[in-house]
Amino acid sequence: MFRMFGKSRKPERREPVRQHNIFEAAATYVAACADDDQEALDEAVGWVSPEAMSFGVRELACRALIALARERDESPQAVARSLMGLPVA
């Protein structure tokens, strides 16, 4: 207890705020985009800074592209161009 001006006061109890990391925010953001879930998208945007979100989305894209390229036994460039509807160079 704290004494303030002669009165006893109990400290406030605060609910712990859950911290989200860059990769969790990016995964939620991209999945929300794919599912057309505006509510989840808006929530994820508030978890990290725009710069951090950009980094996380870029990292997720790279990892997903590498995984898909390995699965297809193709180059990441060929897979990326295919996903974007571009002719393979």
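Which residues form the negative surface patch? In this predicted model, with residues numbered from 1 along each chain as its sequence is written, local features need pLDDT of at least 70 and side-chain atom pairs count only at pLDDT 80 or more, while totals for chains, interfaces and linings use all residues. Side-chain values use heavy atoms, with hydrogens and water left out.

The negative patch takes in Asp35, Asp36, Asp37, Glu39, Asp42 and Glu43. Patch members need over 30% relative accessible area and no salt bridge; like charges are joined within 9 Å, and nonpolar side chains (Val, Leu, Ile, Met, Phe, Trp, Tyr) within 5 Å. Asp and Glu count as negative and Lys and Arg as positive, with His and the chain ends not counted. Each charge is placed at NZ of Lys, CZ of Arg, CG of Asp or CD of Glu. Accessible areas come from the Shrake-Rupley method with a 1.4 Å probe, and for residues only the protein chains shown count as cover.

As for the overall layout, the chain holds four helices and two strands, and from the N terminus on the order is β-β-α-α-α-α. These elements are DSSP runs numbered from the N terminus (helices: H or I, at least four residues; strands: E, at least two). Of the 89 residues, 15% count as buried, where buried means under 20% relative accessible area, exposed over 50%, and partly exposed in between (1.4 Å probe, protein chains only).

Back at the negative patch, helix H2 (residues 38-45) supplies the largest share, three residues. Glu39 sits in helix H2 and is exposed, because its relative accessibility is 67%. Another patch member, Asp36, belongs to the loop between H1 and H2 and is exposed too, at 72% relative accessibility.

On to side-chain contacts. The structure has one salt bridge, the term here being a side-chain nitrogen of Lys or Arg within 4 Å of a carboxyl oxygen of Asp or Glu. Glu59 and Arg63 make the contact, at 3.0 Å from N to O. Both partners lie in helix H3 (residues 50-72), four residues apart, or about one turn of the helix. Glu59 is partly exposed, since its relative accessible area is 25%.

Aromatic pairs also number one; rings of Phe, Tyr and Trp (its six-membered ring) pair if their centres lie within 6.5 Å, with planes under 30 degrees apart called stacked, over 60 edge-to-face and the rest tilted. Phe23 and Phe55 have ring centres 6.2 Å apart and planes at 55 degrees, so the pair is tilted. Distant parts of the chain are linked this way, with Phe23 in helix H1 (residues 22-35) and Phe55 in helix H3, 32 residues apart. Phe23 is partly exposed at 40% relative accessibility, and Phe55 is partly exposed at 34%.

Helix H1 also contains Ala31, which is partly exposed at 36% relative accessibility. Ala31 and Leu41 are 10 residues apart in sequence and 8.4 Å apart in space, C-alpha to C-alpha. Finally, Leu83, Met84 and Leu86 make a nonpolar surface patch of about 330 Å², and Leu83 belongs to helix H4 (residues 76-83).
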